[in-house]
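Let's take a friendly walk through a protein model, from the whole chain down to a few single residues. Have a look at the picture before reading on.

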Amino acid sequence: MFKDTQGNCANFCTEIINNKDLENLKKSFVEILTHDLKTPILAQIRVLDMMINGQFGKLNYEQSEMLNLTLESCNYMYTMVATLISTYKFDIEELELNYSHFNIMQIIENTIKKTNKYLTENNIKIVVIPEIKNPIISGDVIRLTKVIQTILFHTLNTAFKNSIIKIYLEEKNNNFSVKFESHSGYINPEKMRKEFQFHTYYTEKYDKIGTGIGLFLVNKIIEKHNGRIIAESSINQTNVLGFEIPKEAVGKFYYENCV
């Protein structure tokens, strides 16, 4: 089964119709994505990196440009497949959060550093406003880092040039929130709701910064932390995107580590 592309599609559709055990079907689908799509794309990315870095000979400008565009496309596809895999794993509850204590200020600062070039090119400034007593919170540091990256990338991609993005860190009633406030176009409630739905996954353009993990999966991760997404848009072109989670973990700690 699943020996070729056309066979994959036909067999998979047949199983959707005939297989009564949808949970096993979901697991099989994840395995197909991982082995038949994710692994080959990763191999392509590594080869393209080597070619661009001149390990197979010097490239002229046109060759370098085309390979970089191809690499961006492969990275985009890799992120999309990884997002789909993570989404299915969350859906079938295979993924457990790996709780630890970590410094969220350091995560935010490190994420901002990765955007320096984009900030300079678009004359955008970021101001962090920590209205908190202690930056140490509990949660899955790897997944919350991805959440912060995705929200920041999304905020940057929609923010007006020559503007200021404010990042608020707040504590209230044992909850911790991170909110990204930007000057950008008004988003009506229906469009805002759709951006967090899987079938209307927000696609980044290649000339934008990063691709993150998608707002749909961001919502899933925050829900898994017993939190909620914050998404607000006003007609004066001020938008707020962020999340709120319990400051102390509700789930089990698998290790203790301060980042």
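How many helices and strands does the chain have? The chain has 8 helices and 7 strands; both are DSSP runs, with helices being H or I over at least four residues and strands being E over at least two, numbered from the N terminus.

## About the model

This is a predicted model, in which local features need pLDDT of at least 70 and side-chain atom pairs count only at pLDDT 80 or more, while totals for chains, interfaces and linings use all residues. Residues are numbered from 1 along each chain as its sequence is written, and side-chain values use heavy atoms, with hydrogens and water left out.

## The whole chain

Of the 259 residues in the chain, 40% are buried. Buried means under 20% relative accessible area, exposed means over 50%, and partly exposed lies in between (1.4 Å probe, protein chains only). The accessible surface of the chain comes to about 14900 Å², and 53% of that belongs to carbon and sulfur atoms; such areas come from the Shrake-Rupley method with a 1.4 Å probe, and for residues only the protein chains shown count as cover.

Contact means heavy atoms within 4.5 Å. Among contacts between residues at least 6 apart in sequence, 75% join residues at least 24 apart.

## The nonpolar cores

In soluble globular proteins, nonpolar side chains tend to be buried together. A nonpolar core here is a set of buried Ala, Val, Leu, Ile, Met, Phe, Trp, Tyr and Cys residues joined through side-chain atoms within 4.5 Å. The largest one has 38 residues, and I104, I108, I167, L169, V178, I222 and F243 touch the most other members. Elements giving two or more residues to this core include α4 (104–113), α6, β4 (164–172) and β5 (175–183). The largest share, 7 residues, comes from α6. Apart from this core lies another, of 10 residues, among them I41, I45, V81 and L84.

α6 has 18 residues and reaches 26 Å from its first C-alpha to its last, close to the 26 Å expected at 1.5 Å a residue (the expected span is 1.5 Å times one less than the number of residues). Of its 18 residues, 14 are buried. D140 caps the N-terminal end of α6, with a side-chain oxygen 3.2 Å from the backbone nitrogen of I142.

T155 sits in this helix, which covers residues 141–158. Is T155 buried or exposed? T155 counts as buried because its relative accessibility is 3%. Its side chain reaches the backbone oxygen of I151 at 2.7 Å. Not counting residues up to four places away in sequence, T155 touches I165, F180 and S182.

Why is β7 described as largely enclosed by the rest of the structure? The reason is that 9 of the 9 residues of β7 are buried. Two strands pair if DSSP finds at least two bridges between them. β7 pairs in the antiparallel sense with β5 over 9 bridges, and K179 stands opposite G242 in β7. Strand β6 (residues 228–234) pairs with β7, also in the antiparallel sense, over 7 bridges. β6 and β7 form a hairpin with 3 residues between them, and Q237 in the turn has a positive phi of about 65 degrees.

N239 lies in β7 and counts as buried, at 8% relative accessibility. The side chain of N239 makes a polar contact with the side chain of S233 (2.4 Å). A polar contact is a pair of N or O atoms within 3.5 Å; within protein, one must be able to donate a hydrogen and the other to accept it, and residues adjacent in sequence count only if both atoms are side-chain atoms. A polar atom of the N239 side chain also lies 2.9 Å from the backbone oxygen of G185.
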